[in-house]
Amino acid sequence: MTVAAPVLLAPPGDQVRDRAAARAFVDTHITPHANGFERAGAVPEDLLDRIGAAGLWAPFLPVEDGGAGIDMVTLGELHEEVGRGCSSVRSLLTVHTMVSWTVRRWGTAAQRERWAGVLARGEALGAFCLSEPEAGSDAAGISTRAVPAGGGWVLDGVKKWITGGQRADVFLVFAKTDASIGAFLVPRDTPGVEVRPIPEILGTRASMLAEVSFRGVRLDGDALVGPSGFTAGMVLTGTLDLGRYSVACGSVGIIQACLDACADYTSRRRVGGELLRTMPLIQAKVSDMVTDVRAARMLCAEAGRLKDAGEASTLMATWVAKYFASTAAARHASEAVQIHGANGCGDDYPVARLYRDAKVMEIIEGSNEVQRMTIAGEAYREMTR
Amino acid sequence: MSDTAQAQILTFIRGRYPQVEIDAAQDIFQLGFVNSLFAMELVMFVEKTFGVTIPNDELQLDHFRTADSMAALVGRLSPAPAGV
Ligand SMILES: Cc1cc2nc3c(=O)[nH]c(=O)nc-3n(C[C@H](O)[C@H](O)[C@H](O)COP(=O)(O)OP(=O)(O)OC[C@H]3O[C@@H](n4cnc5c(N)ncnc54)[C@H](O)[C@@H]3O)c2cc1C
């Protein structure tokens, strides 16, 4: 059952290209098993394969690169639906999307030839490596270095909290170069790459997090994606923008899942002989979920439309969408646990997982504080215009 | 043609940073406000407004220093005259 979600008429096919197909896919293959993924601390291989068969890994890539050329609004809807089912799966999609987009947007013909098809089909899974033990919000403070050597590069450093790191086949690693911050494609099997799982984490517990070390990793010249000069920072800005969009849409999915769970539970649970759904305090919480899920969805659609139009204003629209959606998700996931009482704290319902996952959304892809500083900075800049 | 491109680029920069006085020959990097967010916005603006795709090898500092040099870049990348 979905409440306050857009009405869908299209029948699902094999390939997941629109919201209707994504919803059917998620309701069959993800939602019923999401608590189990969390307990196992992993998304199972057969689901990763199914996502590939459904063409869900990177459907925004153009057809010539192995994708389906879907627009950003639709991509956001797919990520919302996956996020409704399981934020760990959506997180894997997010980082894979970031890597695939970077190859498409900034890759040379040779890099696209090598990576785009395998990324589109999910034969190679991508992970995004920016954060380090000593640097998160402050991307300029990373200490991983890429030093030119013999026409290529030598990479040294440690990346932490890498979503999908346990499973990924290729890492998009951001490292300091003399000129700026460069982005490097590093296959997992390159000598000097070491992956250490991070099994304990508050939320997105099935997202197969890892710490990834790079020690004297020798890379060819064509490992660098995009320009190496001042504009190299743009690779990071664009990649993070898309990741933020995906997390914003995934957060809409969390709110929707909270709403669905609460509408269902309060229609069955009686307290003092009365169904919870008849009580004004419960109705107030549900009405706020309905309002916020619709508002958050519209902010995401607006950011997506601006991306499709190539408008620079999509960057700020995405910050706003992510800030609104992630904070609303954390608020409503907390209320969803509350509405479920003790059942909300256990494993028989999805809401404890939604609560843990929602907290993570307030930290990743620009924490709440960084978002507020960025949004306020833009507001003041506009005032002086 | 590049007069128009140059004027549009200047308008965009002035819109983002109204407090700075800037002309078409001025080095925007010397003004100290260019960060990666603005660089990205600038590239997106140029690509969208003039219907061009800027390849990696054109993404060099010198091509973005001034409104003049950006207009010249647009001129090189446009199949037909831009901004007519
Ligand atoms: C589950 C999970 C998955 C992740 N996946 C990835 C991944 O795939 N790839 C990757 O590179 N990283 C990943 N990360 C890391 C994530 O991007 C960082 O945690 C995030 O950028 C914040 O950085 P930090 O944790 O180092 O916090 P810090 O930067 O140390 O900040 C600590 C706190 O201070 C606040 N703060 C910072 N500056 C200010 C200020 N000026 N004023 C007020 N408060 C401030 C922050 O908002 C935060 O609350 C993941 C993290 C988690 C939890």
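**Where the chains meet**

Guide: Between chain A and chain B the count is three salt bridges, a salt bridge being a side-chain nitrogen of Lys or Arg within 4 Å of a carboxyl oxygen of Asp or Glu. One pairs B:Arg16 with A:Glu378 (3.5 Å, N to O). This is a predicted model, where local features need pLDDT of at least 70, side-chain atom pairs count only at pLDDT 80 or more, and totals for chains, interfaces and linings use all residues. Residues are numbered from 1 along each chain as its sequence is written, chains are lettered from A in the order in which they are written, and side-chain values use heavy atoms, with hydrogens and water left out.

Visitor: How do I describe two packed helices?
Guide: You use the angle between their axes and the distance between the axes. In chain A, the axes of helix 4 (residues 72–85) and helix 5 come within 7 Å and cross at roughly 150°. Axes are lines fitted to C-alpha atoms, for helices over the stretch in contact, with angles from 0 to 180 degrees between N-to-C directions. Helix 4 and helix 5 of chain A are therefore roughly antiparallel, the word for angles over 145 degrees. Among the residues making this contact are A:Leu75 and A:Leu93.

Conventions. Helix = DSSP H or I, 4+ residues; strand = E, 2+ residues; numbered from the N terminus. Parallel < 35°, antiparallel > 145°, perpendicular 65-115°, else oblique. Contact = heavy atoms within 4.5 Å.
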